[in-house]
Amino acid sequence: MYLVKKKKRLILFAIVAILISAMLWYYREKLSLFEEQPEKLRKLFLDATQITKVTWKLILTGVALSLIAVIIDLIALGWQKSGLRRLIIKPSGSAKIDLWSYFLSVFKIYEVLYFIFTLGIFYFFASIFSKFVDFKLANYISNVYLQFAFVFIVTDFKHYIGHRFMHIKPFWELHAYHHSAEEFNLLTTTRGHLVEAGIYYVFTGFFFAVLGVPIINIFWVYAFREMYQYLLHADVNWKLGFIGKYILISPAAHKLHHSIDEKHYNKNYSTFFIWWDLIFGTYEAPNEEYKIGIIDNPYNKVGFFEGQWIGFKRFLKF
Ligand SMILES: [Zn+2]
Ligand SMILES: [Zn+2]
């Protein structure tokens, strides 16, 4: 009886969400605060946050980046221990969720889903930022390489702040979906809650409005970062020596971030450069094998969408 009620509520929620989203989408030009903006900036912002422009080129780039990571992982670990083997031969509950997340994100269905799931609310928040926060800081740097470095570093800092923010309750309840992975297999990086993606969307929109970065820069920043995110979620346990101490956060250090043990909570938030953890005192050097996951973890026993719903309910409870 309870299950039937739960299902009905879920269907009702989905119908309302789809209707409101469709309406907002249909009237987006009229409602949008972009209208008074120069066409160029509007296009730049939309492309950067990838909500309107899903091209085959973008999808193929995503697939190519993950394939490169798969090959590196295979060379490093060999077939028996590889992430690829764990994903295709008798995948665990955790790996199945990662596979779902990967396909939804690489084909950009995630973007459509979080638009529906969040009733398009974040889209409008982001559009407000693009109207009122239009500093175009990157344009003050004329050298294209320096501009790239600037955008890359600021974007990485944005990820650090965003990540720390998501570890605060009640937002943690959404981010816990990413941490609910019980194994690393590369694709774990794509596992995330749809509402969390919506929050990041606003956050990214704000930063890109401040930076005013050229498309080509955003593309390469995206490609570099994306590639590294797969490797951070490979079960390689690399500490990367000198680089892992002073330049990049290593896969072993990110595994510590995912540790189920309470004593490792709030450590290693960096997702590319290690500097942010070093500056803000949140770094802890990895020195053992960590068991990863969260306590009270229903997410790998249920399907992708049910898990999303559970995470959403937990988020609203606080
Ligand atoms: Zn985290
Ligand atoms: Zn992670």
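Q: Is Leu186 buried or exposed?
A: Leu186 is buried, since 26 other C-beta atoms lie within 10 Å. The cut-off for buried is 20 or more. Keep in mind that this is a predicted model.

Q: Where does Leu186 sit in the chain?
A: In the loop between α10 and α11.

Q: What about its phi?
A: Phi of Leu186 is positive, about 80 degrees, although the residue is not a glycine. Most residues other than glycine have a negative phi.

Q: Which core includes Leu186? Start with the largest one, though.
A: The largest nonpolar core has 25 residues. Tyr114, Leu174, Val195, Ile199 and Phe203 have the most contacts inside it. Two or more residues each come from α6 (93-106), α7 (109-117), α9 (144-166), α10 (172-179) and α11 (194-211). The largest share, 11 residues, is from α11. Leu186 belongs to a second, separate core of 11 residues, which also includes Tyr102, Tyr230 and Leu231.

Q: Back to α11. How many of its residues are buried?
A: 15 of the 18 residues in α11 are buried, so this helix is mostly covered.

Q: What is its span?
A: From first C-alpha to last, α11 reaches 25 Å. That is close to the 26 Å expected at 1.5 Å a residue.

Q: What follows α11?
A: Gly212 does, with a positive phi near 60 degrees.

Q: How do α7 and α11 cross?
A: At roughly 95 degrees, and their axes come within 9 Å. The two helices are therefore roughly perpendicular to each other.

Q: Which residues make that contact?
A: On α7, Tyr110, Leu113, Tyr114 and Phe117. On α11, Leu194, Val195, Ala197 and Gly198. By class that contact has 7 nonpolar residues, 1 polar and no charged. Tyr114 and Val195 are also among the residues with the most contacts inside the largest core.

Q: Now α10 and α16. What's the packing angle?
A: About 150 degrees, with the axes 8 Å apart. Helix α16 covers residues 304-317. That angle makes α10 roughly antiparallel to α16, because the cut-off for that term is over 145.

Q: And which residues touch there?
A: α10 supplies Glu173, Leu174, Ala176 and Tyr177. α16 supplies Gly307, Gly311, Arg314 and Phe315.

Q: How does the α10 and α16 contact divide by class?
A: Into 4 nonpolar, 2 polar and 2 charged residues.

Q: Loops next. Where is the cis peptide bond?
A: It joins Lys169 and Pro170, with omega about 5 degrees. Pro170 lies in the loop between α9 and α10. Most peptide bonds are trans.

Q: What does phi look like at Leu240?
A: Positive again, near 65 degrees, in a residue other than glycine. Leu240 is in the loop between α12 (215-232) and α13 (241-246).

Q: Last one, the overall picture. How many helices and strands?
A: The protein has 16 helices and 0 strands. Of its 318 residues, 35% count as buried.

Q: What share of contacts joins residues at least 24 apart?
A: 74%, among contacts between residues at least 6 apart in sequence.

Methods:
Residues numbered from 1 in each chain as written. Chains lettered and ligands numbered in written order. Predicted model: local features only at pLDDT ≥ 70, side-chain atom pairs only at ≥ 80, totals over all residues. Core = buried A, V, L, I, M, F, W, Y, C linked by C-beta atoms within 7 Å. Buried ≥ 20, exposed ≤ 12 C-beta atoms within 10 Å, placed from the backbone. Helix = DSSP H or I, 4+ residues; strand = E, 2+ residues; numbered from the N terminus. Axes fitted to C-alpha atoms, helices over the stretch in contact; angles between N-to-C directions. Parallel < 35°, antiparallel > 145°, perpendicular 65-115°, else oblique. Contact = placed C-beta atoms within 7 Å. Nonpolar A, V, L, I, M, F, W, Y, C, P; charged D, E, K, R; others polar. Expected span 1.5 Å × (residues − 1).
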